[in-house]
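Please keep the sequence and the structure at hand while reading.

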Amino acid sequence: MYRCLRLGKLLRRLLEAGFLIGFFVIGSELSQAAAEKSREAPVPLPVIMYHSVCEKEPADYIVSPSQLDADLDWLSARGFTAVSAQQLIDYTCGKGRLPKKPVLITFDDGFYNNLSLALPILEKHDMCAVVSIVGRYTDDYASADPHADCYSYLTWSDISELAASGRVEIGSHTYDMHSRNGSRQGCAKLPEETAEEYAFLLRIDIGLLRTELHENCGIVPAVFAYPFGALSKESLPVLRDSGILMTLTCREGMNTITRDPDCLYGIFRYNRSGLLSTEEYMERITKELPEA
């Protein structure tokens, strides 16, 4: 009883001093903010997956510079705004807002032409993109045969230049798990592996690219693109522990972005085949968008 009386006196004194009024006002404001956030409609997000951009015969994973230019022109003319991975990460954490019609542009594998040919087109249209590299391609192939638009990969210096442009974020596409070697598909878990064995192997691979990106370019990747879109549920804890805040798949479909950071794990993407016209491709990736 004595404690209750003391508590009552303390509450009265705090109310008289205005402390609890401020507390209740702040609490009310926080509750109101939380309610407003929960009422926000999910934001539809189409994601484009490019690979090589060069003057070769168009193929499923090759587009010409003119095709890329036409794509970005189509998006601009219809009010789409390219958003960065960091904008999406910030939004899901409750910071800022997204444009009315956002689109995420991604490039996989780390081709040199993403710098030499794609970057100037991004600059022309005032757009940004994510380029996800394969570490071994940079270490072995890029250094051995650099700077040919049609087949070279990005060197560490090239990657730094891309990042310094302010238009490109560098993502991870594994260090050396971008292969189909007859048993393993990309970085997917093998049936005979234990969860612990798989996690150890993936952690070593992801950690190696993370270390090389940091040492060579001062970059810590927050985006991970699954090679071939091969998923394993056991990969997610490893990726989270490695600082990955967004994962990109090869499954096609529309994304819905909310204020929940978990919505960025398992992002769908539409592969941009060079065998389609801009109109054919854009109709395909925007058909699920709500009418304006």
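Helix α3 and helix α10 (residues 278–286) pack at an angle of about 50°, with their axes 10 Å apart, where axes are lines fitted to C-alpha atoms, for helices over the stretch in contact, and angles run from 0 to 180 degrees between N-to-C directions. That angle makes α3 oblique to α10, given that angles under 35 degrees count as roughly parallel, over 145 as roughly antiparallel, 65 to 115 as roughly perpendicular and the rest as oblique. The crossing of α3 and α10 is right-handed; a crossing has this name if the near helix is turned clockwise from the far one by less than a right angle, and is left-handed if anticlockwise. On the α3 side the contact is made by Q67, A70, D71, W74 and L75, and on the α10 side by T278, M282 and T286, contact meaning heavy atoms within 4.5 Å. By class, the contact of α3 with α10 has 4 nonpolar, 3 polar and 1 charged residues, where Ala, Val, Leu, Ile, Met, Phe, Trp, Tyr, Cys and Pro count as nonpolar, Asp, Glu, Lys and Arg as charged, and the others, Gly among them, as polar.

The model is a predicted one, in which local features need pLDDT of at least 70 and side-chain atom pairs count only at pLDDT 80 or more, while totals for chains, interfaces and linings use all residues. Residues are numbered from 1 along each chain as its sequence is written, and side-chain values use heavy atoms, with hydrogens and water left out.

**The chain as a whole**

The protein chain has 10 helices and 13 strands; helices (H or I, at least four residues) and strands (E, at least two) are DSSP runs, numbered from the N terminus. Of its 292 residues, 47% count as buried, with buried meaning under 20% relative accessible area, exposed over 50%, and partly exposed in between (1.4 Å probe, protein chains only). The accessible surface of the protein chain comes to about 14900 Å², of which 54% belongs to carbon and sulfur atoms, the areas coming from the Shrake-Rupley method with a 1.4 Å probe. Among contacts between residues at least 6 apart in sequence, 65% join residues at least 24 apart.

**Two further helix pairs**

Helix α3 (residues 65–77) also meets helix α5 (residues 113–124), and their axes come within 10 Å and cross at roughly 25°. This makes α3 roughly parallel to α5. The crossing of α3 and α5 is right-handed. In this contact P65, L68, D69 and L72 of α3 meet L117, A118, I121, L122 and K124 of α5, and the residues divide into 7 nonpolar, no polar and 2 charged.

W156, I159 and S160 in α7 meet L209, E212, L213, N216 and C217 in α8, a contact whose residues divide into 5 nonpolar, 2 polar and 1 charged.

**Single residues**

Which residues does Y91 contact, leaving aside its neighbours within four places in sequence? They are E40, V43, G96, R97, L98, I257, T258 and R259. Y91 belongs to helix α4 (residues 85–92), and the C-alpha atoms of Y91 and T258, 167 residues apart along the chain, are separated by 7.8 Å.

H178 lies in the loop between β8 and α8. With neighbours within four places in sequence left aside, H178 is in contact with D109, V134, Y137, H173, P227 and F228; the C-alpha atoms of H178 and F228 are 7.7 Å apart, although 50 residues separate the two in sequence.

Most residues other than glycine have a negative phi. D126, found in the loop between α5 and β7 (129–133), has a positive phi of about 55° although it is not a glycine. T174, in the loop between β8 (168–172) and α8 (195–217), likewise is not a glycine and has a positive phi, near 80°.

| Residue | Relative accessible area and class |
|---|---|
| Y91 | 4%, buried |
| H178 | 16%, buried |
| T174 | 0%, buried |
| D126 | 58%, exposed |
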